Amino acid sequence: MLDDSVAYVDGPWRHRTVGAAGARFHVAEAGEGPLVLFLHGFPQFWWAWRDQLTAVADAGYRAVAVDLRGYGASDKTPRGYDLVTLAQDAAGLVRALGAADAVVVGHGVGGLVGWTLTAFHPGHVRALAVVAAPHPLRTGRIVASLGPGVRHLLRAQLPILPEHRLLADGCVRVGDLLRAWSAPGWPDEETERRYRLAFSIPKVSHCSLEYHRWIFRSRWRLDGARYNARMRRPVTVPVLQVHGSVDPVCPAEAARSARGLVSGPYRWRGIPGAGHFPHEERPEEVSRALVEWLGARAPVTPER
């Protein structure tokens, strides 16, 4: 196993640690202007947003990508992997970064955190962009599809064995998941190497699976019922949904059904030929869509 230094990838961004919600979070940031907070998905870390980080910063925003709790160089706490606590983390990060609110961009599980943030901390979300993520109340449609993401979710409910499987043979399983969930041709060798190294950091394999255990098990518990009741509130902030046309994990119709839960401005952007990771499979196209949407929803004030 490696230490968390592998999460400090060099590039046109600044690394630092930010304290929020009783934990420490590693972030990479670039640019100045209105805050745009990026939340990655599984099985990744902040580096998943490297292309959007620079594109959004170049467009006049302060782009910040965080290692979520349990990932990368952020704290690996013994608990706190439910969506309510993770949304509290994100709200705390907005405050710790010195902003009143932020445009939140989330992929996969990070997208579920973003949706949750709009219900539990609405004052901290200026607008929400979700990539390959359904509304949490629509996850049942994904379970019904019995796709590869569902099979992974069910296997994750076992104790200990899923962690060992992720770590075996230099985290080769991480590369297998990336290929299985994307369109053909991705990831390249360097990208796979980065994610396998990041999952070799102690405790990441366990912490990442705790997300999936709560998402599944809470369906039959009182905390899950309370969560669902809160999530029934309509989303009033502007929402952009970006989705790969051949996503095997989250079918497009399941993701798009979130439209009925959004009362604010809504936009759907399909990415032809992309799988579950369109922001990396088609980075230029996703970056253009995001910057265009930001210009309409969170315009940059010109300097005088």
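**Figure 1. Burial of strand 7 in the predicted model.** Strand 7 (residues 239-244) is largely enclosed by the rest of the structure, because six of its six residues are buried. Buried denotes under 20% relative accessible area, exposed over 50%, and partly exposed the range in between (1.4 Å probe, protein chains only). Helices (H or I, at least four residues) and strands (E, at least two) are DSSP runs, numbered from the N terminus. Cover is present on both faces of strand 7: V239, Q241 and H243 are buried on one side, and L240, V242 and G244 are buried on the other. Residues are numbered from 1 along each chain as its sequence is written, and side-chain values use heavy atoms, with hydrogens and water left out.

**Figure 2. Neighbours of strand 7 and the order of the sheet.** Strand 6 (residues 125-131) pairs with strand 7 in the parallel sense through four bridges; two strands are taken to pair if DSSP finds at least two bridges between them. Opposite L240 of strand 7 stands A129, and opposite Q241 stands V130. Strand 7 also runs parallel to strand 8 (residues 266-271), to which six bridges join it. Within strand 8, R269 is the bridge partner of V242. The eight strands form an open sheet in the order 1-2-4-3-5-6-7-8, with mixed pairing. Strand 1 (14-20) and strand 8 are the edge strands, each pairing on one side only. From one strand to the next the twist averages 25°. Axes are lines fitted to C-alpha atoms, for helices over the stretch in contact, and angles run from 0 to 180 degrees between N-to-C directions.

Figure 3. Contact means heavy atoms within 4.5 Å. Helix 1 (residues 50-58) lies across strand 2 (23-30), strand 3 (35-39) and strand 4 (62-66), and runs at about 160° to strand 4.

**Figure 4. The buried side of helix 1.** The buried residues of helix 1 are R50, Q52, L53, V56 and A57. They lie on the same side of helix 1, because they cover an arc of only 165° around the axis; the arc is that of the directions from the helix axis to the C-beta atoms. These buried residues pack against strand 2, strand 3, strand 4, helix 7 (189-199), helix 11 (278-281) and helix 12. G60, with a positive phi near 105°, follows helix 1.

Figure 5. Most residues other than glycine have a negative phi, and most peptide bonds are trans. F42 and P43 are joined by a cis peptide bond with omega about 0°, and P43 lies in the loop between strand 3 and helix 1. A cis bond also leads from W186 to P187, where omega is near 5°; P187 belongs to the loop between helix 6 (161-181) and helix 7. I160, a residue other than glycine, has a positive phi near 70°. The loop between helix 5 (148-155) and helix 6 contains I160, which counts as exposed at 56% relative accessibility. C171 is not a glycine, yet its phi is positive, at about 65°. C171 is placed in helix 6 and counts as buried at 0% relative accessibility.

**Figure 6. Cysteines without disulfides.** Zero disulfides are found in a search of the whole structure; a disulfide is a pair of cysteine sulfur atoms within 2.5 Å. The cysteine sulfur closest to that of C207 is in C171, at 14 Å, which is too far for a bond. C207 is buried, with a relative accessible area of 2%. C250 is likewise buried, with a relative accessible area of 2%.

Key
Predicted model: local features only at pLDDT ≥ 70, side-chain atom pairs only at ≥ 80, totals over all residues.
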